[in-house]
Amino acid sequence: MHTNLIPGLSAVVDDYDLFLIDQWGVLHDGENLHDGALHTLQELRKTGKTVIILSNSGKRVEDSYARMERMGITRDLYDHVVTSGELVYRNFQAKEDPVFKSLGRKFIAFTWGEANISVAEGSGHEKVDSVEEADFILCTGTDQGDLEYYRPFLEKALERKLPLICANPDFVSVAPDGSLNMCPGMVAKEYEDMGGTVRWHGKPLLETYEYCKSLAPGCDRILGIGDSLRHDVKGANDAGGHSLFVCGGIHDHEIGHPPSHVALANLFDIYGIEPTYSVEKFRW
């Protein structure tokens with residue numbers, strides 16, 4: 001059985017209690033809202049359903065609040081924001097996870113532009129400038145955009161058996177001009193393939209969905225909405241929910257316009273991941 005291609009969210013809204021909506025690629029492109037996204041959120045909110053914006057951003061939730069507010073997505077349109085960066089912060093604070101309990105004090109950071117290491121604030125860890133000084137790698141961004149740039153750092157880290165904390169598991173994201181940018185997940189995957197230890201956070205990890213469920217008790221019928229098969233769709237499926245795949249995101253170039261059942265079936269066969277539903281854009 002292949003996914004149902006639906007015209008919009010209103011076609012299935014009555015079947016679910018909790019909506020986990022990806023931010024980047026579904027609601028906006030980092031700078032501008034996607035057509036129809038704000039209207040869809042407004043209509044969804046009228047139904048009284050629980051809405052969580054679930055993002056693989058390597059930053060804490062305050063960044064998402066501010067970004068969405070600038071675009072007109074106000075706090076009254078959703079109940080919670082959960083980012084993979086916030087989950088990293090929680091693990092740093094709790095120090096209960098085995099990997100986090102074993103971390104040394106010093107880390108080297110891979111970031112976006114200006115060093116965004118707020119996920120480690122208050123943890124007692126210290127940023128250093130070289131792999132030789134570090135006890136672990138904190139990967140929240142990949143501003144160099146080239147895997148070759150990071151390989152020498154990873155090779156040195158592997159020699160020293162340093163763990164890597166990945167705050168954003170996405171492989172790529174869609175830039176405002178439609179191009180694809182490399183994300184931290186690509187670096188983390190490379191390090192893991194080399195034999196390094198990676199502590200992943202965010203979608204599709206089950207712990208991410210369990211945390212979302214804890215924020216919405218009694219909401220058992222879950223629909224995960226996103227544009228990434230590997231992260232949004234797989235995560236929702238593995239967590240026992242249903243999934244709505246938004247075609248016009250990171251897989252847009254693989255599908256064509258408008259998306260056809262044949263193109264979608266081929267795509268799902270390639271990735272070995274099948275969403276419950278598909279929709280061209282996030283619209284009502």
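Q: How much space lies in the largest cavity, and which residues line the largest cavity?
A: Rolling a probe the size of a water molecule over the atoms shows where empty space is left. In this predicted model, the largest cavity holds about 40 Å³ of space, and the residues that line it are Leu20, Ile21, Asp22, Leu54, Lys203, Tyr209, Gly224, Ile225, Asp232 and Ala236. S2, S12 and H8 are the elements that give two or more residues to this lining, which by class has six nonpolar, one polar and three charged residues.

Q: What is the volume of the largest pocket, and which residues lie nearest its centre?
A: The largest pocket has a volume of about 640 Å³. Its lining comprises 31 residues, and those nearest the centre are Trp24, Arg67, Trp112, Asn168 and Ser173. Helix H2 (61-70), strand S9 (172-174) and helix H8 (229-238) each contribute at least two residues to the lining of this pocket, and by class the lining residues are eight nonpolar, 13 polar and 10 charged.

Q: How many bridges join S12 to S13, and how many does the pairing of S1 and S14 have?
A: S12 and S13 run parallel and are joined by four bridges, with Gly224 standing opposite Ser243 in S13. S1 and S14 also pair in the parallel sense, over two bridges, and in that pairing Leu5 stands opposite Ser278 in S14.

Q: Why is S13 described as largely enclosed?
A: S13 is largely enclosed by the rest of the structure because four of its five residues are buried.

Q: How many residues does the largest nonpolar core have, and which of them have the most contacts inside it?
A: In soluble globular proteins, nonpolar side chains tend to be buried together. The largest nonpolar core in this model has 27 residues, and those with the most contacts inside it are Leu9, Phe19, Ile21, Leu27, Leu223, Ile225 and Phe282. At least two residues of this core come from each of strand S2 (18-21), helix H1 (37-46), strand S3 (50-55), H2, strand S12 (222-226), strand S13 (242-246) and strand S14 (277-279), and H1 supplies the largest share, three residues. Another core, of 20 residues, lies apart from it and includes Val128, Ile137, Tyr150 and Cys166.

Q: Which residues does Phe19 touch, not counting residues up to four places away in sequence?
A: With those sequence neighbours set aside, Phe19 touches Leu9, Val13, Leu44, Lys49, Thr50, Val51, Ile52, Leu223 and Ile225.

Q: Where is Val13 placed, and is Val13 buried or exposed?
A: A residue counts as buried when its relative accessible area is under 20%. Val13, which sits in the loop between strand S1 (4-5) and S2, is buried because its relative accessible area is 4%. The C-alpha atoms of Val13 and Leu223 are separated by 9.0 Å, although the two residues are 210 residues apart along the chain. Leaving aside neighbours within four places in sequence, Val13 is in contact with Phe19, Leu44, Thr47, Lys49 and Trp284.

Q: How far apart are Thr40 and Phe282, in sequence and in space?
A: Thr40, in helix H1, is 242 residues from Phe282 in sequence and 7.2 Å from it in space, C-alpha to C-alpha. Thr40 counts as buried, since its relative accessibility is 0%, and beyond its neighbours within four places in sequence Thr40 is in contact with Leu9, Phe282, Arg283 and Trp284.

Technical notes: Residues numbered from 1 in each chain as written. Predicted model: local features only at pLDDT ≥ 70, side-chain atom pairs only at ≥ 80, totals over all residues. Heavy atoms only, no water. 1 Å grid on protein atoms, 1.4 Å probe; cavity = no way out; pocket = protein on both sides within 12 Å on 5 of 7 lines; lining within 4 Å. Points joined across faces, edges and corners; volume = space filled by probe spheres on them. Nonpolar A, V, L, I, M, F, W, Y, C, P; charged D, E, K, R; others polar. Core = buried A, V, L, I, M, F, W, Y, C linked by side-chain atoms within 4.5 Å. Buried < 20%, exposed > 50% of the residue type's maximum accessible area, 1.4 Å probe, protein only. Contact = heavy atoms within 4.5 Å. Pairing = 2+ DSSP bridges.
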